[in-house]
Amino acid sequence: MNSYLNKPNGVFPSVCSLDCPDQCGLLLHKEQGKIVKIDGDPNHPVTKGNICNKVRNMAARLYDDQRLKYPMKRIGVKGEAKFERISWEEAIEIITSRWEELIRANGPESILPYSFYGNMGRLNAEGMDRRFFHRLGASQLARTICSSAGSEGYKYTMGASLGTDPEETIHSKLIIFWGINAASTNMHQVALAQKARKNGAVIIVIDVHKNQTGRLADWFIPILPGTDSALALGIMHILFAEGLVNPSFLQEYTVGHEELRKHVVQYDPVTVSGITGVPVRDIYRLARMYGTTSPSFIRIGNGPQHHDNGGMCIRTITCLPALTGQWLRKGGGAIKGNSSYLAHDASRLQRPDLLKNKQTRVINMNLLGKALLELDPPVKSMYVYGTNPAVVAPDVNKIRKGLARNDLFLVVHDLFMTETASYADLVLPATSSFENTDFYSSYWHHYIQIQQPVIERYGESKSNVEVFKLLAQKMGFDEPIFQQTEAEMIAQALDFPMNPYLDGINYETLVEKQFVKAAMKPLFPGKLPTPSGKIEFYSKKMEEDGYPPLPTYIPLVEDENFRYLFIPAPNHNFLNSTFSNNQKHISLEKEPRVHINIQDATAAGIQDGDIVRIWNHRGECKLKASVGENVLPGVIVTQGLWREEPGTKQLVNSLTPDRIADMGGGATFFSGRVNVEKI
Ligand SMILES: Nc1nc2c(c(=O)[nH]1)N[C@H]1C(S)=C(S)[C@@H](COP(=O)(O)OP(=O)(O)OC[C@H]3O[C@@H](n4cnc5c(=O)[nH]c(N)nc54)[C@H](O)[C@@H]3O)O[C@H]1N2
Ligand SMILES: Nc1nc2c(c(=O)[nH]1)N[C@H]1C(S)=C(S)[C@@H](COP(=O)(O)OP(=O)(O)OC[C@H]3O[C@@H](n4cnc5c(=O)[nH]c(N)nc54)[C@H](O)[C@@H]3O)O[C@H]1N2
Ligand code: SF4
Ligand SMILES: [Mo]
């Protein structure tokens, strides 16, 4: 037993398990065996004791009386959430016997695991589960809902998710938040930017919505959705035309700069202004600031990426720092994601070899509705953990129809009776991350952290690792890897000489220090993991893959004939749909609103505070209007993945398309169209 569990009172180090780049160090205050308060850990070098309100109020969620306490089986209609208590033994027996039947009749690919990063812990999110489903030979899931299009685009330019060390951005003199609502979604990058501002840095925000992040900028630049690559190309046009590029950096560390110089001639400021809605003089001003200020840093968010053209858009923005040689400057460059620095040995953790080279089918999670309704041979069983697709996935009406299928054997493992769980045949209670052992590596800062159990398991809940061990045992999988302890799994995953950044990081150092930084060294001089080893403006690989080899503006897909582009972004007090069922967080967030430009509102006879109907061919919502100038005409924005309370219509994903982005099978949440009218 670990020492924290032995002590009923005290303050214990921990790490935030949520899918958030900041991955804060936490201090859990425990009294009589229960967590009574959650603080930031002041010793954490990046997060420094500051945490968001969501997690400050997390104790209320941990002990919410709605939390699932024991396994249950359905006794009502699917979607009705009527269940009765059963034992774990019975639950495991029901699942495995049902799966054995399905495997005999339909083969193992009739079973689909469906998960995401509700808990970022590597063992629980992508460890024992992967081993189990690989061994089972189940259908595979392409986990594409978050960042896959942009990561792919970034990779064509830079080779991997390798960007600036955020701690160095305090040295930046120009910071651009590009399509990221960082005040809500990456608060410590904002804190670092504000430190830089005290030393003279200018903060620019480029967004389709003047939200809390836009409001803290020195200069807010509104842009039309899905046009960011045109703006980036317009900046390149001016940088080349006015001699603001860094010739020696281009020569030494990039390929294709001469092709790029010729290619961007077509993206003159007048053309770009017509596409983006950014005035010509602002394009000049932005390009000249970018071309003459050093070090400059771009924090690239999910906004430009959750579009039909998202991969190409991120690839294009990613070219900018190379043009002015920012990668050689402390605090210069860009971050889309930094996960490659802390890459562990995923093969040993996940054991894809257990598939024994069987070509099992791969299902894109963004196409869940289609997978459940149209796939042949059909998905007969789905096991959902760490995600809530009935709220967060695109085109949810289609998904809900699929989840309601009577012949679908659905198991959901979660801490709460989510909307997805209400359709399940079996619901299993999950531990919170504070009850588990796991390791965490941020996709923004450069620290790996450990979680050791601080509190006892809530009710009869079990961690993902524990449940997959039980399932493996019952299925008769006798490989020793299904009996490994968490400590053994962590040690194995981190023992990865292929990644020199992990030098000196192992289970023992993590237990001793709680957080350990990657063995960092500057990217340049050096060789990138691109085919040429350099930053690729011209990418032969893209050409082979059927894309334009140079950064290019590609318009959004015509999504039916509705008037407004619809941007349903997350909000401040929820994390995706997590906390949308916790009273404290709901009261902080108040209610869902739809932001509409005053010109559009006036034309449609809508006034601030009116309830409006938003609809398209996929679904409808009814929300309160916020009329003003926070969005451009033709654009409407909501914030938050609210759950559907009885009598409300506020599922924004009932309106979003399940089209697939240009790269990585990514989601296109922000490329849909809708109409709006006053009710
Ligand atoms: N509070 C809170 N924090 C979170 C989350 C949460 O739900 N709530 N979610 C977590 C997760 S999983 C992720 S992936 C990250 C995401 O965090 P972000 O990268 O900030 O992504 P979004 O929150 O989707 O916000 C994207 C921003 O892009 C804008 N935008 C939309 N379309 C465009 C466009 O075409 N161009 C431009 N320039 N801007 C556009 C939106 O208005 C919004 O301000 O945040 C994480 N942190
Ligand atoms: N309209 C719109 N939709 C979006 C987005 C958007 O910007 N706009 N953003 C998208 C993005 S970027 C993302 S990443 C997805 C995220 O969507 P999801 O991954 O579904 O995230 P959450 O809604 O937070 O749901 C996580 C669930 O995991 C559960 N959970 C937490 N820890 C554990 C655990 O240890 N074990 C188990 N079994 N369960 C656990 C939580 O209780 C919660 O119900 O949403 C996407 N959906
Ligand atoms: S959600 Fe993000 S900001 Fe909040 S505590 Fe967790 S890592 Fe920190
Ligand atoms: Mo995400």
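## Reading backbone and burial in a predicted model

Modeller: Let's start with glutamine 23, which counts as buried because its relative accessibility is 2%, and buried means under 20%. Keep in mind that this is a predicted model.

Biologist: Happy to. What is the phi of glutamine 23?

Modeller: The general idea comes first: most residues other than glycine have a negative phi. Here glutamine 23, although not a glycine, has a positive phi of about 35°. To find glutamine 23, go to the loop between strand 1 (10-15) and strand 2 (25-31).

Biologist: How many residues lie between strand 2 and strand 3 in their hairpin?

Modeller: The hairpin has 2 residues between the two strands, and glutamine 32 in the turn has a positive phi of about 45°. As for cover, 6 of the 7 residues of strand 2 are buried.

Biologist: Now strand 19. Why is strand 19 described as largely enclosed by the rest of the structure?

Modeller: Count the buried residues. Strand 19 (residues 447-451) has 5 of 5 buried, so the rest of the structure largely encloses it. Then check each face: Tyr447, Gln449 and Gln451 are buried on one side, and Ile448 and Ile450 are buried on the other.

Biologist: Which residue is the bridge partner of isoleucine 448 in strand 20?

Modeller: That partner is valine 516. Strand 20 (residues 515-517) pairs with strand 19 in the antiparallel sense over 3 bridges. Strand 18 (residues 438-441) pairs with strand 19 too, antiparallel and over 4 bridges. In that pairing, serine 441 stands opposite isoleucine 448. The link from strand 18 to strand 19 is a hairpin of 5 residues.

Biologist: And for a helix, which residues of helix 21 are buried?

Modeller: In helix 21 (residues 464-474), the buried residues are Asn464, Val465, Glu466, Val467, Phe468, Leu471 and Ala472. After the helix comes glycine 476, with a positive phi near 80°.

Biologist: Let's look at omega. Which residues does the cis peptide bond with omega of about 0° join?

Modeller: In general, most peptide bonds are trans. In this model, the bond between aspartate 376 and proline 377 is cis, with omega about 0°. Proline 377 sits in the loop between helix 18 (368-374) and strand 15 (381-385). Another cis bond runs from phenylalanine 524 to proline 525, with omega near -5°. Proline 525 belongs to the loop between strand 20 and strand 21 (535-536).

Biologist: Finally, the ligand. How many residues surround ligand 1?

Modeller: Ligand 1 is surrounded by 31 residues, the closest being Thr185, Asp207, Asp228, Phe574 and Asn576. By class, the shell holds 13 nonpolar, 14 polar and 4 charged residues. Helix 8 (182-185) and strand 9 (202-207) each contribute at least two shell residues.

Biologist: Why does ligand 1 lie between domain 2 and domain 3?

Modeller: Because domain 2 (149-336) and domain 3 (564-678) both give residues to the shell around ligand 1.

Biologist: Which side chain has an N or O atom 2.6 Å from an oxygen atom of ligand 1?

Modeller: Aspartate 207 does. Asparagine 211 has a side-chain N or O atom 2.9 Å from a ligand 1 oxygen atom. With asparagine 181, a backbone N or O atom is 2.8 Å from an oxygen atom of ligand 1. As for cover, ligand 1 has 900 Å² of accessible area on its own, and the protein covers 96% of that.

Conventions: Residues are numbered from 1 along each chain as its sequence is written. Chains are lettered from A and ligands numbered from 1 in the order in which they are written. This is a predicted model: local features need pLDDT of at least 70, side-chain atom pairs count only at pLDDT 80 or more; totals for chains, interfaces and linings use all residues. Side-chain values use heavy atoms; hydrogens and water are left out. A residue is near a molecule or strand if one of its heavy atoms lies within 4 Å of it. A polar contact is a pair of N or O atoms within 3.5 Å; within protein, one must be able to donate a hydrogen and the other to accept it, and residues adjacent in sequence count only if both atoms are side-chain atoms. Accessible areas come from the Shrake-Rupley method with a 1.4 Å probe; for residues, only the protein chains shown count as cover. Ala, Val, Leu, Ile, Met, Phe, Trp, Tyr, Cys and Pro count as nonpolar, Asp, Glu, Lys and Arg as charged, and the others, Gly among them, as polar. Domain bounds come from an automatic or database domain assignment. Buried means under 20% relative accessible area, exposed over 50%, partly exposed in between (1.4 Å probe, protein chains only). Two strands pair if DSSP finds at least two bridges between them.
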